Amino acid sequence: MDNSKLKIFEDKKVRTHWDEAEEKWYFSVVDVCEILSETDRPRKYWNDLKLKLKAEGSQLSDKIGQLKMLAPDGKMRMTDVLDTEQLFRLIQSIPSKKAEPFKLWLAQVGSERLDEMADPELAIDRAFETYLKKGYSENWINQ
């Protein structure tokens, strides 16, 4: 995978940046807004959404960083970025058919984690299945 872009839908790309020191991915907010809202004015959409979120008391806009990323004109320009956790919060704020599968997935993961807190054996079972899917042997997993 190219570190500067992440394929999300069709041929649309989201610019990304891996921060070695923080060990975090950062995503271009404007790119995500463009894809999920299907607007032809993603910067305007993002500015309006920021104002709406702030009025609702959301602290998401306070956590926005900026990084230089390759712009469509081929130049490196500062753009708003969010880490993965913040990106999920942004997705929850966008009313869109394209955002709905992410919202459903987030709800499912949240429900699973609550179940695992009540019954930690479920987390162990999930980890076991994940390692099997990645090709690890049962002997390796059990060790």
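Before going on, I wrote down what I was looking at. This is a predicted model, where local features need pLDDT of at least 70 and side-chain atom pairs count only at pLDDT 80 or more, while totals for chains, interfaces and linings use all residues. Residues are numbered from 1 along each chain as its sequence is written, and side-chain values use heavy atoms, with hydrogens and water left out.

**Entry: the strands**

My labels come from DSSP runs: helices are H or I with at least four residues, strands are E with at least two, and numbering starts at the N terminus. I count two strands as paired if DSSP finds at least two bridges between them.

I began with S2 (residues 13–19) and S3 (residues 24–28), which pair in the antiparallel sense over four bridges.

Strand S5 (residues 76–83) is joined to S3 by three bridges, and the two run antiparallel. S5 also pairs with S4 (residues 65–70), again antiparallel, through six bridges. There I noted Lys-68 standing opposite Met-78 of S5.

**Entry: the hairpin turns**

How many residues lie between the strands in the hairpin of S2 and S3? I found four. Glu-23 sits in that loop and has a positive phi of about 55 degrees, although it is not a glycine. Is Glu-23 buried or exposed? It is exposed, at 61% relative accessible area. My cut-offs are under 20% for buried, over 50% for exposed, and partly exposed in between (1.4 Å probe, protein chains only).

The hairpin of S4 and S5 has five residues between its strands, and Gly-74 there takes a positive phi near 90 degrees.

I picked Ser-28, which lies in strand S3. Ser-28 has a relative accessible area of 0%, so I put it down as buried. What does Ser-28 touch, not counting residues up to four places away in sequence? My list reads Val-14, Arg-15, Met-69, Thr-79, Asp-80 and Val-81. By "touch" I mean contact, with heavy atoms within 4.5 Å.

**Entry: helix H1**

H1 covers residues 29–37 and is mostly covered, with eight of its nine residues buried. Among the buried ones I noted Val-32, Ile-35 and Leu-36, and also Asp-31. What covers them? The cover includes S2, S3, helix H2 (42–55), S5, H3 and H4.

Then I stepped past the end of H1. Glu-38 follows H1 and is found in the loop between H1 and H2. Its phi is positive, near 55 degrees, in a residue other than glycine. Glu-38 is exposed, because its relative accessible area is 57%.

**Entry: H1 against H2**

H1 and H2 pack at an angle of about 100 degrees, with their axes 8 Å apart. That makes H1 roughly perpendicular to H2. Val-29, Val-30, Cys-33, Glu-34 and Ser-37 of H1 make the contact with Pro-42, Arg-43, Tyr-45 and Trp-46 of H2. Sorted by class, I get six nonpolar, one polar and two charged residues. The classes are: Ala, Val, Leu, Ile, Met, Phe, Trp, Tyr, Cys and Pro nonpolar; Asp, Glu, Lys and Arg charged; the others, Gly among them, polar.

For the angles, axes are lines fitted to C-alpha atoms, for helices over the stretch in contact, and angles run from 0 to 180 degrees between N-to-C directions. Under 35 degrees counts as roughly parallel, over 145 as roughly antiparallel, 65 to 115 as roughly perpendicular, and the rest as oblique.

**Entry: H3 against H4**

My other helix pair was H3 (residues 84–93) and H4 (residues 100–118), packed at about 120 degrees with axes 9 Å apart. That makes H3 oblique to H4. Which residues meet here? From H3 I listed Phe-88, Ile-91 and Gln-92, and from H4 Phe-102, Lys-103, Trp-105 and Leu-106. This contact has five nonpolar, one polar and one charged residues.
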